[in-house]
Amino acid sequence: MTSTAPPAGILSYGPDEAQHLALSWPAPGTVPRGIAALVHGGYWRSHLFASLMEPLAASLRAEGWITANIEYRRGATGRWPAPLEDTAEALGRINSLRQTEGIGGPLLTVGHSVGGQLALLTARLCDGVVALAPVTDVERTHCENLGDNAAAEYFGASPAQAPDTYRTASPVQQALGTTPMLILHGINDDRVPIAHSRAFLAAAGSQSSPVELREFTALSHLEAIDPLAVHWAEALSWMAEAPGPAPRREPKSENA
């Protein structure tokens, strides 16, 4: 760590008022486990904020994690792909911070609902993802009228009218890579049905991507962001065992 006071508080990563993150450190004297970046849900609606994730962030800090609670553009003034671009930009800022501050341990992303969608889509930028009841298939979200017709409201078009938009917004339709992912989902969730996560797991299996799904009999959509709910201890345990960043390979000399 550097000898100067580490950065903390609200950090901007872009010019829009929504493009910021809240960086918080664990108790003084604690050697951080790493950084946990949190991404909130809300079905792309602008009246829901990063504060939704603060109970989980507080729990993570108590376990020794630095937390970065990400806000992003969404709603009528933040049409797709603004949320994806912002999440990627925020993670880039966090990665730069851990380099300049010499922060060890992994960078893990914890996303809920649409925040889970964004975490899965940007998995290449971190060392692991915890997705809580994530939106994985936006076309299916539209067709099933989930979130009170959230996809139709936000995207302003159907999958038939904007197939490329729905494809790029759907984690289930992407190349998933090698970043470890843990999905925690309630069987009784009626905002994002468990069938969506099961389909994502099957897609990951076809690519041999390291995705694990843990199902819970009684875990509602909002309970997924409650640190006292049944799933959270398993999330903390998985995160505690997550490896740090892979060492960078130096290019071979032509004379080697």
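Buried, in this tour, means under 20% relative accessible area, exposed means over 50%, and partly exposed lies in between (1.4 Å probe, protein chains only). The structure is a predicted model, in which local features need pLDDT of at least 70 and side-chain atom pairs count only at pLDDT 80 or more, while totals for chains, interfaces and linings use all residues. Residues are numbered from 1 along each chain as its sequence is written, and side-chain values use heavy atoms, with hydrogens and water left out.

**The whole chain**

Begin with the complete protein, coloured by pLDDT (the predictor's confidence in each residue, from 0 to 100). The average is 94, and 94% of the residues score at least 70. Select residues 248-256 next: here pLDDT stays under 50, and the model has 0 contacts beyond four places in sequence. A contact means heavy atoms within 4.5 Å.

Along its principal axes, the C-alpha trace spans about 55 × 50 × 40 Å. The radius of gyration is 18 Å, in agreement with the value near 18 Å for a compact globule of 256 residues; it is taken over C-alpha atoms, and the globule rule is 2.2 Å times the number of residues to the power 0.38.

Buried residues make up 51% of the 256 residues. Of the contacts with a separation of 6 or more, 70% are between residues 24 or more positions apart. With the surface displayed, the protein exposes about 11,700 Å², of which carbon and sulfur atoms supply 52%. Accessible areas come from the Shrake-Rupley method with a 1.4 Å probe, and for residues only the protein chains shown count as cover.

**Helix 3**

Select residues 114-121. Helix 3 is largely enclosed by the rest of the structure, because 8 of its 8 residues are buried. Among them are Val 114, Gln 117 and Leu 121.

Move to Thr 179, in the loop between helix 6 (163-168) and strand 7 (181-186). Is Thr 179 buried or exposed? It counts as buried, at 12% relative accessibility. Beyond its neighbours within four places in sequence, Thr 179 is in contact with Ala 123, Arg 124, Cys 126, Asp 127, Gly 128 and Pro 210. Display the side chain of Thr 179: one of its polar atoms lies 3.1 Å from the backbone oxygen of Ala 123. A polar contact is a pair of N or O atoms within 3.5 Å; within protein, one must be able to donate a hydrogen and the other to accept it, and residues adjacent in sequence count only if both atoms are side-chain atoms.

From Thr 179, continue to Ser 208, which is 29 residues away in sequence and 11 Å away in space, C-alpha to C-alpha. Ser 208 sits in the loop between helix 7 (194-206) and strand 8 (211-216) and is exposed, at 67% relative accessibility. Its phi is positive, about 60 degrees, although Ser 208 is not a glycine.

Cys 126, one of the residues in contact with Thr 179, is buried at 6% relative accessible area. Cys 143, by contrast, is exposed at 53%. How many disulfides are there? The count is 0, where a disulfide is a pair of cysteine sulfur atoms within 2.5 Å.

**Backbone features**

Most residues other than glycine have a negative phi, and most peptide bonds are trans. Select Asn 149 in helix 5 (residues 146-155). Its phi is near 60 degrees, a positive value in a residue other than glycine, and Asn 149 is partly exposed at 39%. Then select Trp 80 and Pro 81, whose connecting peptide bond is cis, with omega near 15 degrees. Pro 81 is in the loop between strand 4 (66-70) and helix 2 (82-100).

Asp 86 is found in helix 2 and is buried, with a relative accessible area of 1%. Leaving aside neighbours within four places in sequence, Asp 86 is in contact with Tyr 13, Gln 19, Tyr 72 and Arg 73.

End at His 20, in strand 2 (residues 20-24), which is partly exposed at 22%. A polar atom of the His 20 side chain lies 2.9 Å from the backbone oxygen of Glu 17.

Methods
Helix = DSSP H or I, 4+ residues; strand = E, 2+ residues; numbered from the N terminus.
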